[in-house]
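Let's take a walk through the ring pairs and charged pairs of this model. Please keep the structure open as you read.

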Amino acid sequence: MAIHRLNHAVLFVRELARSVAFYRDVLGFRPVAMTPDGFDGAAFLQAPGSTNDHDLGLFEVGAAAGPSGAGRTTVGLYHLAWEVDTLDELDATAARLSEAGALVGTSDHGSTKSLYAKDPDGLEFEVVWLVPADRLDEQTLAARKQISRLDLAREKQRYGGQTRGGVGISVPS
């Protein structure tokens, strides 16, 4: 078996319409018409630029559902991470997440520049830009062992706002 990428994730949500609106309006996901007939409690979404059939499945469990205890009282998934192509896109995503009240943190992990946010149900996710392979130096690789404050303006000055991230790492050269 040779797994080479994550194809999609499925999340349980309280209110389907609210979650679809969040992922569509804030992150640009597009609804995909593939919900089985007669089944109103699910939606399937595709990320901008994705070649996957769908990237996210949302299943409604109702307003009475409690918050996820993963990482606090139960085992479970901590977060998903979606990759953007440029630091300009990461910056624009940070602005949209902030405007929606969803941005909960940012981090510089050396080779990755990350935003952390929560959806309307409090499920955490990450949006990340990866330093291209040809720009990885000893300092950047060493910085992976620490978590620093993300300074997007400085990173855009260093790498360029339109430099395609992940090339040679997550994206073929």
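Rings of Phe, Tyr and Trp (its six-membered ring) pair if their centres lie within 6.5 Å; planes under 30 degrees apart count as stacked, over 60 as edge-to-face and the rest as tilted. By this rule there are nine aromatic pairs. One of them is edge-to-face: phenylalanine 29 and tryptophan 82, at 5.3 Å centre to centre with 70° between the planes. Phenylalanine 29 sits in the loop between helix H1 (16-25) and strand S2 (30-32) and tryptophan 82 in strand S5 (residues 80-83), so this pair ties together parts 53 residues apart in sequence. Both phenylalanine 29 and tryptophan 82 are buried (under 20% relative accessible area; exposed is over 50%, partly exposed in between, with a 1.4 Å probe and protein chains only). Ring pairs also join Phe22, Tyr23, Phe29, Trp82 and Phe125 into a cluster.

The model is predicted: local features need pLDDT of at least 70, side-chain atom pairs count only at pLDDT 80 or more, and totals for chains, interfaces and linings use all residues. Residues are numbered from 1 along each chain as its sequence is written, and side-chain values use heavy atoms, leaving out hydrogens and water.

Now to the charges. A salt bridge is a side-chain nitrogen of Lys or Arg within 4 Å of a carboxyl oxygen of Asp or Glu, and the count comes to 11 salt bridges. Among them are these:

| Salt bridge | N to O distance |
|---|---|
| Arginine 24 – aspartate 25 | 2.7 Å |
| Arginine 158 – aspartate 137 | 3.3 Å |
| Arginine 154 – glutamate 155 | 3.0 Å |

Arginine 154 is partly exposed at 40% relative accessible area, while glutamate 155 is buried at 1%. A network of salt bridges links Asp108, Lys113, Arg154 and Glu155.

Note on methods:
Helix = DSSP H or I, 4+ residues; strand = E, 2+ residues; numbered from the N terminus.
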